[in-house]
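Trainee: Could you take me through one part of this structure slowly? I'd like to see how a single residue sits among the others.

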Amino acid sequence: MLIHQKMKLADVIHHDHTLVPIINRFGVHLGFGNLTIQEICETNNLNCAFFVIILNAFHDPRYFPKEQLQSIRLAILVKYLQKAHIYFMEDKIPEIASMIEKMMDECLDNREPYLLIQNFFKEYSVELKKHIQREEERVYPYAIKLEEAFLSGAYPLDIEELIQSYPISAYEEEHEDVEEKLFDLKNIIIKYLPSPKSDKLCYQILREIFSLEKELSEHARIEDLILVPKVETMENALKLKGFKHE
Amino acid sequence: MSEIKTVVVVEGNYLMQTGLEAMLLELPAVMVVKSFMGDEMNLAGFIRKQQADAIILNPFSLKEDPVAFLRNLEQKGEWIVFGMMEKDAPSNIKSHFSQILYTSDTKFDLQNKIRSALGIDAQSDQQSLLSEREVTILKQVVLGLTNQEIADKLFISVHTVTTHRKNINRKLGIKTVSGLTVYAIMNHMVSMEEVDHSLK
């Protein structure tokens, strides 16, 4: 289903409740009555077109906003992506970590396997954090700088250097490394972890890991679908402009 | 049952793409990882990332030269590439595919071609237990040895070590060294102390 701004947000959430953390990132919280998406965006001072694009991108993995791509400002997109990072690091990861902790407490007579899972998850969190930091420190500022140059029509000299030293294509390639560890973690829990006392807790952990994985891959998809192609277009346009100066 | 097979679809016609996906999902243990329209930038690169077992490709959907594109794909992975086209497509295009699905094929034909090419009905002869040799190599990997060091220690070639490692990853479904470490300690192949010691 394609989500449209004239729809009631409540209907959208009924249809796909996994969008709740997404709307939260925009500062929209449950309890919005019968308001439409458009009305909610107006009261919250949100860019409605962008809000709808993000909802659709999460809701339907086949969705691709080809026509709207031009209208999206990277500055707005980056702000959203940063909010998502906070959600991953401050909500999702600690939540799973505390569930693992709880599982350990239940299995005091045989702690070692759970200790291993805990360490493994810690390692994973550190790696995810590094990945996120690299994006926040290098990729996003670069994208915003590029957009500023592009929109203002100026061509600062350091842009040329930046484009050459760290083009977005280099970033694209390093994107998928963090995923492998999460995949391993799922497999270890499903196949190899000695069955714990609480099936329920194990299921909860697994459910959270699957949901983290899905959210991360959708996050990456938004970067691949919107951020990367936009930056590539601007890189090319600015390069052409640079050559004209010479 | 054999392992789950993943298929990538490249088809510019939306109805065809949706139909292909529905047809594939009826097959046992087959998953469609991703569908492309064929006009994406750096399509070959995206496909490579999917780790597919098979690709169903309509060569006429491609923005780029299909022959060069195919050559590029074939070099890069061990997948089966099916051509998806009409029966009267030019033979110089057909000749580049070893497997062809025709738009006029019946559902039965299509699914049979895919079943046999992917070996879906074949008995799985893949052992899931590690061999003694693989256990030896797994231990060394977990203790932090490089492929070269393992090769020297066991008097085998680096190539053999990589082959063993690939098989270990496939059998266990674990790819990272830290994941393998968790597995090895849980199964008492190495102790936590040994691993800690090797890190120092």
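Mentor: Let's look closely at one glutamine and then at its chain.

This is a predicted model, where local features need pLDDT of at least 70, side-chain atom pairs count only at pLDDT 80 or more, and totals for chains, interfaces and linings use all residues. Residues are numbered from 1 along each chain as its sequence is written, chains are lettered from A and ligands numbered from 1 in the order written, and side-chain values use heavy atoms, with hydrogens and water left out.

Okay, B:Q111 belongs to helix 5 of chain B, residues 107–118 (helices are DSSP runs of H or I, at least four residues, and strands are runs of E, at least two, numbered from the N terminus). B:Q111 is buried, because its relative accessible area is 12% (buried means under 20%, exposed over 50%, partly exposed in between, with a 1.4 Å probe and protein chains only). So who touches B:Q111? Leaving aside neighbours within four places in sequence, B:Q111 is in contact with B:M23, B:E26 and B:L27 (contact means heavy atoms within 4.5 Å). With B:M23 there's a polar detail too: a polar atom of the B:Q111 side chain lies 3.1 Å from the backbone oxygen of B:M23.

Now zoom out. Chain B is assigned domain 1 (5–121) and domain 2 (130–199), with bounds from an automatic or database domain assignment. Their centres, taken over C-alpha atoms, are 36 Å apart.

B:M31 counts as partly exposed because its relative accessibility is 38%.

Methods
A polar contact is a pair of N or O atoms within 3.5 Å; within protein, one must be able to donate a hydrogen and the other to accept it, and residues adjacent in sequence count only if both atoms are side-chain atoms.
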